[in-house]
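Keep the structure open beside you and try each task before reading its solution.

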Amino acid sequence: MQRTPEPELMDAPEQASAYAAADFSAGDQALVDRIGLLFPSGLGPRVLDLGCGPGNISFRLAQAYPDAEVIGLDGALSMLQLAERRLEQEQDLAERLSFIGVCLPSADLPKGCSGLVSNSLLHHLHDPLVLWLAIAQAASPGARVYVKDLRRPPSPEAAEQLRERYLADAPAVLQHDYVASLHAAFTAAEVEQQLQVSGLEMLQVAEVHDRYLEIWGQLP
């Protein structure tokens, strides 16, 4: 099916509350564990989480890499408010974990990042090159990159089957957003073309399970 873009920002209060209340802990930890397998030497001293939302992955990265500074970046202020609230309760991480509100593209990205992570941001972007160019802009030489996102199913019927399989009992707002995200996601071939255009062709692209893409590698 053809791609149908969705809104770039998830900034409605009910969306932020629904995502913060949902239990994504198993998937979030699996993502951090996967990064550990792909990059056994770590992500280096400065890690950027692009599209961090309420900070779920950012907190786990800060816990997994106690010697690293972790920066969570998102354009949705309602999401960042939730992350900041949680950070107030976890003061042991406050010296190494921070959150900034930035909409891509931007000249205000942190620079010199040795690790760049993004989970479920790519499909939100109307212009996907914005993410890849942001990674190139923020990365230090030799930076490690890990991006995970949904991949677009072949038909609307297949998208509905995935919703039934994985979110049948979820709140209505999450089910609606999930189907919209599947329609907005990219295929592996499309991502490979994006990487070629943005000069990141050294990154690998793989289809994972029945609904995800992984993009990872180390920059020159």
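Helices (H or I, at least four residues) and strands (E, at least two) are DSSP runs, numbered from the N terminus. This is a predicted model, where local features need pLDDT of at least 70, side-chain atom pairs count only at pLDDT 80 or more, and totals for chains, interfaces and linings use all residues. Residues are numbered from 1 along each chain as its sequence is written, and side-chain values use heavy atoms, with hydrogens and water left out.

**Exercise 1.** Find Arg163 and decide: is Arg163 buried or exposed?

Solution. Start in helix α6 (residues 156-167), where Arg163 lies. Next, take its relative accessible area, 15%. Buried means under 20%, exposed over 50%, and partly exposed in between (1.4 Å probe, protein chains only). Arg163 is therefore buried.

**Exercise 2.** Find which residues Arg163 is in contact with, leaving aside neighbours within four places in sequence.

Solution. Look for heavy atoms within 4.5 Å, which is what contact means.

**Exercise 3.** Find the ring that the charged end of Arg211 sits over.

Solution. Check that CZ of Arg, or NZ of Lys, is within 6 Å of the ring centre and within 35 degrees of the ring normal. The ring belongs to Tyr166, with the charged end of Arg211 3.5 Å from its centre. Likewise, the charged end of Arg86 sits over the ring of Phe59, 3.9 Å from its centre.
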